[in-house]
Amino acid sequence: VQLPSSLRSIGEHSFSETNISTITIPEGVTSIGNSCFKKCRSLTSIELPSSLINIGDEAFCNTHISTITIPEGVTSIGDYCFTYCESLTSIQLPSSLLSIGRYAFCHEYDWESKVPLKQVEVPKNCKIGNKAFEEDCKVIRK
């Protein structure tokens, strides 16, 4: 998928439940809407622009992304953003991050399989929502 360079935001449910497998979000995009890539089960790779500020609720919920770098400048990651991402093993968070939503990197129910993320560094001033990470994920404040 080729997105136009004039794009500034990606709306809610824009690509949800599609067969997209990789995408590069162009520079200039500042927000990714709620559920934008939700249930894109073929999605394994995404590149985010340095212009990004906000990632909405459930934006990447139930995808197969294994690693992701959230660029410097992002201030918020929404509720359930990466929940059900059963391939996610590595994430880099920026020092600009101010909030991580509820269940952002965790399954809501204990009996479900888990997000395999084992360790994450979170900025000291970042507010972490309820059960943002699985219980066995080591959160290091930096």
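Rings of Phe, Tyr and Trp (for Trp, its six-membered ring) are taken as paired if their centres lie within 6.5 Å, and a pair counts as stacked with planes under 30 degrees apart, as edge-to-face with planes over 60 degrees apart, and as tilted for the rest. Under this rule, the rings of Phe-15, Phe-37, Phe-60, Phe-82, Phe-105 and Phe-133 are linked by pairs into a cluster, and the count of aromatic pairs comes to six. The structure is a predicted model, in which local features need pLDDT of at least 70 and side-chain atom pairs count only at pLDDT 80 or more, whereas totals for chains, interfaces and linings use all residues. Residues are numbered from 1 along each chain as its sequence is written, and side-chain values use heavy atoms, with hydrogens and water left out.

Helices (H or I, at least four residues) and strands (E, at least two) are DSSP runs numbered from the N terminus, and two strands are regarded as paired if DSSP finds at least two bridges between them. On this basis, six strands form an open sheet in the order β1-β3-β5-β7-β9-β11, with parallel pairing. Strands β1 (9–10) and β11 (127–128) stand at the edges of the sheet, each with a single partner strand, so one side of each is left without a neighbour in the sheet. Strand β9 (residues 99–100) runs parallel to β11 and is joined to β11 by two bridges, with Ser-99 standing opposite Lys-127 of β11.

Strand β5 (residues 54–55) contains Asn-54, which is partly exposed at a relative accessible area of 29% (buried means under 20%, exposed over 50%, and partly exposed in between, with a 1.4 Å probe and protein chains only). The C-alpha atom of Asn-54 is separated by 5.2 Å from that of Ser-76, although the two residues are 22 apart along the chain. With contact defined as heavy atoms within 4.5 Å, and residues up to four places away in sequence not counted, Asn-54 touches Thr-30, Ser-31, Ile-32 and Ser-76.

Within the aromatic set of six pairs, Phe-82 and Phe-105 form a stacked pair, at 5.1 Å centre to centre and with 5° between the planes. This pair links distant parts of the chain, since Phe-82 lies in the loop between β7 (76–77) and β8 (90–92) and Phe-105 in the loop between β9 and β10 (119–122), 23 residues apart. Phe-82 is buried at 0% relative accessibility, and Phe-105 is likewise buried, with a relative accessible area of 1%. The rings of Phe-105 and Phe-133 have their centres 5.2 Å apart and their planes at 0°, so this pair is also stacked. Because Phe-133 lies in the loop between β11 and β12 (138–141), and Phe-105 in the loop between β9 and β10, the pair ties together parts that are 28 residues apart in sequence. Phe-133 is buried as well, at 9%.

The loop between β7 and β8 also holds Thr-83, which is buried at a relative accessible area of 1%. Neighbours within four places in sequence aside, the contacts of Thr-83 are Cys-61, Asn-62, Tyr-103, Ala-104, Cys-106, His-107 and Glu-108.

Zero disulfides (pairs of cysteine sulfur atoms within 2.5 Å) are present in the structure. For Cys-81, the nearest cysteine sulfur is that of Cys-85, 7.9 Å away, and Cys-81 is buried at 0%. The sulfur of Cys-85 has its closest cysteine sulfur in Cys-61, at 6.7 Å, which is too far for a bond, and Cys-85 is buried at 1%.
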